[in-house]
Amino acid sequence: MMEFNEDLETSADYLRKAIPLMVQRGIPPTPYNYALWYAHVQGLNPELSRELLAEFPVGGSYSAQKSESLFFKYFIKNYLPNSPKAQNLLVSLVAQLARAVAKNIAGSQQYGDSLREARQILDQASDPSLIQETLSQLLTDTRAVEGMHQEFQGELQSARDEVELLKQELARTQQRALVDALTNIPNRRAFDHALLRALQDEETPTCLLLLDLDHFKQCNDTFGHLMGDRVLQITGQLLGESRNEQIFVARYGGEEFAAIVRGDLETAIQLAERIRKQVSAIRFRQKPPACGVGTVTASVGVVEARTHERPDELIERADRALYRAKSAGRDQVVVGEAPAAG
């Protein structure tokens, strides 16, 4: 991302270098043109410099459209969402509005000139034919302005339609950013947000489950990664079926899953046991020639949040409970230490 953090002396030096380059090429000193050439003499973005000099090598090569395109590419897009479709929609929208507004302003200025010129003629004219001709021309100009404004309204409506498309794409992009692509349940990023929100609300108890599939590497090595992915998908589906207003589930990472329960510890333990049993009931068959039947189990650590406990502290306690479940033989639920007495 482009940054301009120079002091006054350095900025003035860049100014002295940038302006002559722009003057040589007949480039108007608009804010976005100056930003491009300032960045060029700053020398921190070789790609921008190469493209800028290639587009405008000599005087007479200037194109406002090309310059505007470079400005959007190297400055505006840095602040846009990561979705290429959303970026293109927004850049198209801004460019469309900029052209429409510029055209409208230019037309209004021309009409203002016509009005002033007509007034001067009418103030001095005594010839009826000249007056009639002036009024006729003024009527023509008025109709042209009316047409221009109608066209501008059409551009605005088109822009409103593009805004709606952009809003929909941004919503889809945000949704994709918070969902695990393999299991189709929330991902670690969504989990972090949900846990922070849950802990900020201390009116309702919050419990955390961390679930890890036992011997998952062995499953992958024996039955293949495609089967391993299928096991993850089924586990995600089982967790997803438990989701409601009080239970948030997520793929925590790898073969580890998490559930945030807005309720007491007993409710969380019951959920953990139910999921553990559902996972242990999974059966999958190895393809010929081996044709073996595979099973999978899960270990679960469960803890209840303490008052004013931070997310990382709660996760650490749940992880210790999970480790104890693993150490005790796997395929079981272990409850972590109880919250400290108030």
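Me: Which helices do the buried residues of α2 pack against?

Reply: Some ground rules before we start: this is a predicted model, where local features need pLDDT of at least 70, side-chain atom pairs count only at pLDDT 80 or more, and totals for chains, interfaces and linings use all residues. Residues are numbered from 1 along each chain as its sequence is written, and side-chain values use heavy atoms, with hydrogens and water left out. Helices (H or I, at least four residues) and strands (E, at least two) are DSSP runs, numbered from the N terminus, and contact means heavy atoms within 4.5 Å. With that settled, the buried residues of α2 pack against α1 (8–24), α3 (46–55) and α4 (64–74).

Me: Why call α2 largely enclosed by the rest of the structure?

Reply: Buried means under 20% relative accessible area, exposed over 50% and partly exposed in between (1.4 Å probe, protein chains only). The buried residues of α2 include Asn-33, Trp-37 and His-40. The helix is largely enclosed because the buried share of its 12 residues is 9.

Me: How far does α2 reach from its first C-alpha to its last?

Reply: α2 covers residues 31–42, which is 12 residues. The expected span is 1.5 Å times one less than the number of residues, and for α2 that is 16 Å. The helix comes close to that, with a reach of 16 Å.

Me: Where do the buried residues of α3 fall, seen down its axis?

Reply: The buried residues in α3 are Leu-48, Ser-49 and Leu-52. They line one face of the helix, because the arc they fall within (taken from the directions from the helix axis to the C-beta atoms) is 100 degrees.

Me: Which exposed residues does the face turned away from that buried side carry?

Reply: On the buried side, α3 packs against α2 and α4. The face turned away from it carries Pro-46, Arg-50 and Ala-54.

Me: What kind of aromatic pair do Tyr-14 and Tyr-38 form?

Reply: Rings of Phe, Tyr and Trp (its six-membered ring) pair if their centres lie within 6.5 Å; planes under 30 degrees apart count as stacked, over 60 as edge-to-face and the rest as tilted. That rule gives 5 aromatic pairs. Tyr-14 and Tyr-38 sit 5.3 Å centre to centre with 85 degrees between the planes, so by the cut-offs the pair is edge-to-face.

Me: Which helices does that pair link?

Reply: Tyr-14 and Tyr-38 are both buried. They are 24 residues apart and link distant parts of the chain, namely helix α1 and helix α2.

Me: What about Tyr-32 and Phe-71: how many degrees lie between the planes?

Reply: This pair also links distant parts of the chain, with Tyr-32 in helix α2 and Phe-71 in helix α4, 39 residues apart. Tyr-32 counts as partly exposed, at 24% relative accessibility. The ring centres are 5.6 Å apart and the pair is tilted, at 45 degrees.

Me: In the largest nonpolar core, which residues touch the most other members?

Reply: A nonpolar core is a set of buried Ala, Val, Leu, Ile, Met, Phe, Trp, Tyr and Cys residues joined through side-chain atoms within 4.5 Å. The largest one here has 29 residues, and those touching the most other members are Leu-209, Leu-213, Val-279 and Val-302.

Me: Which element gives the most to this core?

Reply: Among the elements that each supply at least two residues are β1 (206–213), α8 (216–223), β2 (247–253) and α10 (265–280). With 6 residues, the one that gives the most is α10.

Me: Is Asp-214 buried or exposed?

Reply: Asp-214 lies in the loop between β1 and α8. Leaving out residues up to four places away in sequence, it touches Thr-297, Lys-326 and Arg-330, among others. Its relative accessible area is 4%, so Asp-214 is buried.

Me: Finally, how far apart in space are Gly-236 and Ala-250?

Reply: Gly-236 is found in helix α9 (residues 225–241) and is buried, with a relative accessible area of 1%. Beyond its neighbours within four places in sequence, Gly-236 is in contact with Thr-183, Ile-185 and Phe-257. Ala-250 is 14 residues away in sequence, and the C-alpha to C-alpha distance is 7.9 Å.
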